[in-house]
Amino acid sequence: MKVQEEALTNKSVVLIDGVCHLCQGLVRFIIPRDPQGRILFAPLQSEISRKLTNDSGLVPGQLSTVVLLENGVCYTESAAVLRIARKLRFPWPAAYLFIIIPRPLRDALYRLVARNRYRWFGRDEQCMVPTPEIRKRFL
């Protein structure tokens, strides 16, 4: 874990539901918009995810939210999505302006999509197998 902790310096880690097509699409969306590779990924179903979130208060195996780990802080739901957008190439940081919408409203919309993501976008039986280009961004 020590080696990975060093590798995480100045990096953010996005934890996703590895079987969710919407979450897989998020990874494919982020990578070309983060050419410096400041954002890394791991499936929520993985052991590394459990280790990274051990002290965060998240329930192990909780798959209903995207998680952003940044500077030792764990962000979930709409806060995670907006903070991810802020790290991407222009024009995506402008989406962070939605932070002015009260969090209960933002999170209600987030939860609506999260509850229906499998029905609307589909899912796999096992975590995605990333392409070699995407694989180097996974922990």
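**Exercise 1.** Which residues does Ala42 touch, not counting residues up to four places away in sequence?

*Solution.* A word on the model before we start: it is predicted, so local features need pLDDT of at least 70 and side-chain atom pairs count only at pLDDT 80 or more, while totals for chains, interfaces and linings use all residues. Residues are numbered from 1 along each chain as its sequence is written, and side-chain values use heavy atoms, with hydrogens and water left out.

Step 1: look for contacts, meaning heavy atoms within 4.5 Å. You get Val14, Leu15, Ile16, Ile48, Phe138 and Leu139.

Step 2: check Ile16, which sits 26 residues from Ala42 along the chain, yet their C-alpha atoms are separated by 6.5 Å.

Step 3: Ala42 has a relative accessible area of 0%, so it counts as buried (under 20% relative accessible area, 1.4 Å probe, protein chains only).

**Exercise 2.** Work out where the buried residues of helix 2 lie around its axis.

*Solution.* Step 1: list the buried ones: Cys23, Gln24, Val27, Ile30 and Ile31.

Step 1: look down the axis of helix 2; these residues fall within an arc of 125 degrees, so they line one face (the arc is taken from the directions from the helix axis to the C-beta atoms).

Step 2: see what covers them: strand 1 (12-16), strand 2 (39-43), helix 4 (77-87) and helix 6 (132-135) are included.

Terms used
Buried < 20%, exposed > 50% of the residue type's maximum accessible area, 1.4 Å probe, protein only. Helix = DSSP H or I, 4+ residues; strand = E, 2+ residues; numbered from the N terminus.
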